[in-house]
Amino acid sequence: MRAGTAEETETGTDGGIRPDVTGARRIVVKVGSSSLTTAGGGLDADRVDALVDVLARVLGDTAGKEIVLVSSGAIAAGLAPLGLDRRPKDLARQQAAASVGQGLLVARYTASFARYGRRVGQVLLTADDTSRRAHYRNARRTLDELLALGAVPVVNENDTVATDEIRFGDNDRLAALVAHLVRADLLVLLSDVDGLYDGDPSTPGTSRIAEVAGPRDLEGISIGSAGKAGVGTGGMVTKVEAARIAAAAGIPVVLTSASHAADALLGRPTGTLFHRTGRRSADRLLWLAHASTPRGALTLDDGAVRAVVQGTGSLLPAGIAAVEGEFSAGDPVELRDGAGRAVARGLVAYDAGEIPQLLGRSTRDLARELGPGYEREVVHRDDLVVLRP
């Protein structure tokens with residue numbers, strides 16, 4: 001289906017109101033750093049209050065509505081207090097800025113929501129936390145309980161401890177994964193751009209794309225990679241990727257500017273609506289596919305590749321031809337075919353140093369020689385996601 005232009009949608013027979021938006025009960029709203037801070041760093045209290053005004057109005061006007069707020073801004077908020085004139089490039093200074101800024105960010109939200117009698121709860125996540133079964137369940141339980149108690153969860157990446165190897169990389173992707181985690185009905189991505197355009201928005205003749213029904217609607221469209229303000233890590237590329245992840249998990253997405261947040265949440269035809277393209281998944285494998293960084297790799301023989309990609313079985317030692325990398329039991333690893341192509345990703349049940357003695361051997365033989373603890377899968381099917389058919 002061809003992507004609709006803004007003009008076509010706004011004059012449509014439904015009056016432009018989006019039922020996927022108006023019917024949403026649990027909503028994840030993501031806001032970027034540039035929408036909350038000044039260009040030189042530091043929180044802009046008026047911008048924060050304006051956003052909270054919109055969110056509180058939605059929560060107050062409609063019974064049963066719930067909002068999870070994924071908020072960037074910790075690093076940007078910490079720049080000015082630390083005397084930094086721009087976002088640092090080295091990880092240590094980013095973590096220091098986040099340490100100062102995160103407290104300021106949550107304090108500002110706490111004060112702003114308090115004007116409406118609303119409490120907030122801080123939830124800091126790392127990709128490593130959310131790809132592990134127990135941590136994933138704990139994150140879901142915490143968010144569900146905060147919502148049940150009437151609080152507004154404020155989620156951010158835990159920048160103070162995250163390393164390059166275990167980062168989400170941007171809060172757009174984090175928001176898509178949080179939307180999946182909490183079983184949201186809608187994801188709203190707010191930034192400094194009012195939607196997806198068919199070219200550079202600053203170039204005359206470009207048009208805002210009102211709706212995206214699937215990947216084909218984006219073919220031939222040039223998507224910019226940098227935001228205007230330069231205080232965040234995302235750009236339109238990360239927002240479109242986040243929309244694709246959420247839509248594939250059965251969650252519609254609205255992409256627009258923070259200044260149009262009220263219209264977006266009321267279902268008015270602002271920004272770009274990404275229609276759901278897949279079914280809602282009840283498991284955490286979306287996290288494994290999109291939020292984990294492999295710590296190593298296992299090369300499989302042809303039979304094991306077929307069993308993993310086309311079958312429903314787990315990966316057994318007999319199907320492994322080689323191992324590389326340094327990893328521990330529970331870490332994500334890449335599963336490759338003989339040509340080195342990644343076909344799947346999974347959480348490994350052994351340390352890297354244990355696997356060489358297991359290669360090509362049956363679990364029965366291993367149990368007899370090494371003990372009953374070795375009669376198990378290297379990657380269980382429940383901890384495995386296929387990347388390529």
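Helices (H or I, at least four residues) and strands (E, at least two) are DSSP runs, numbered from the N terminus.

## The model and its confidence

This is a predicted model, in which local features need pLDDT of at least 70 and side-chain atom pairs count only at pLDDT 80 or more, while totals for chains, interfaces and linings use all residues. Residues are numbered from 1 along each chain as its sequence is written, and side-chain values use heavy atoms, with hydrogens and water left out.

The term pLDDT denotes the predictor's confidence in each residue, from 0 to 100. For the protein chain its mean is 85, and 86% of the residues reach 70 or more. Where pLDDT is low, the predicted coordinates should not be read in detail.

## Overall organisation

The protein chain contains 13 helices and 14 strands. Of its 389 residues, 51% count as buried; buried means under 20% relative accessible area, exposed over 50%, and partly exposed in between (1.4 Å probe, protein chains only). Among contacts between residues at least 6 apart in sequence, 73% join residues at least 24 apart.

The chain exposes about 16,900 Å², of which carbon and sulfur atoms supply 49%. Accessible areas come from the Shrake-Rupley method with a 1.4 Å probe, and for residues only the protein chains shown count as cover.

Helix α8 (residues 171–181) is largely enclosed by the rest of the structure, because 10 of its 11 residues are buried. Among them are N171, D172, L174 and H180.

R183 is found in the loop between α8 and β6 (186–191). This residue takes a positive phi of about 60 degrees although it is not a glycine. Most residues other than glycine have a negative phi, and most peptide bonds are trans. At 35% relative accessibility, R183 counts as partly exposed.

## A covered strand and its partners

Strand β10 (residues 296–300) has five of its five residues buried.

Two strands pair if DSSP finds at least two bridges between them. Strand β10 pairs with β11 (residues 320–325) in the antiparallel sense over five bridges, and L298 stands opposite V323 in β11. With β12 (residues 332–336), β10 runs parallel and is joined by three bridges; there, T299 has R336 as its bridge partner.

V308 belongs to helix α12 (residues 302–310) and is buried, with a relative accessible area of 1%. Leaving out residues up to four places away in sequence, V308 touches L300, L315, L335, A344, R381, L384 and V386. V308 and A344 are 36 residues apart in sequence, yet 7.7 Å apart in space, C-alpha to C-alpha.

H290 lies in helix α11 (residues 285–291). Its contacts beyond four places in sequence are R173, L177, E241, R244 and I245. H290 and I245 are 45 residues apart in sequence and 8.2 Å apart in space, C-alpha to C-alpha.

## Salt bridges

A salt bridge is a side-chain nitrogen of Lys or Arg within 4 Å of a carboxyl oxygen of Asp or Glu. By this rule the count comes to 20. R26 forms one with D144, the closest N and O atoms being 3.1 Å apart. R26 lies in strand β2 (residues 26–31) and D144 in helix α7 (residues 133–148), so the pair ties together parts that are 118 residues apart in sequence. R26 is buried at 10% relative accessibility, whereas D144 is partly exposed at 22%.

In a second salt bridge, R341 joins D337, with the closest N and O atoms 2.9 Å apart. Here R341 is partly exposed at 45% relative accessibility, and D337 is buried at 8%. Salt bridges that share partners also join R25, R26, E66, D144 and R183 into one network.

Technical notes. Contact = heavy atoms within 4.5 Å.
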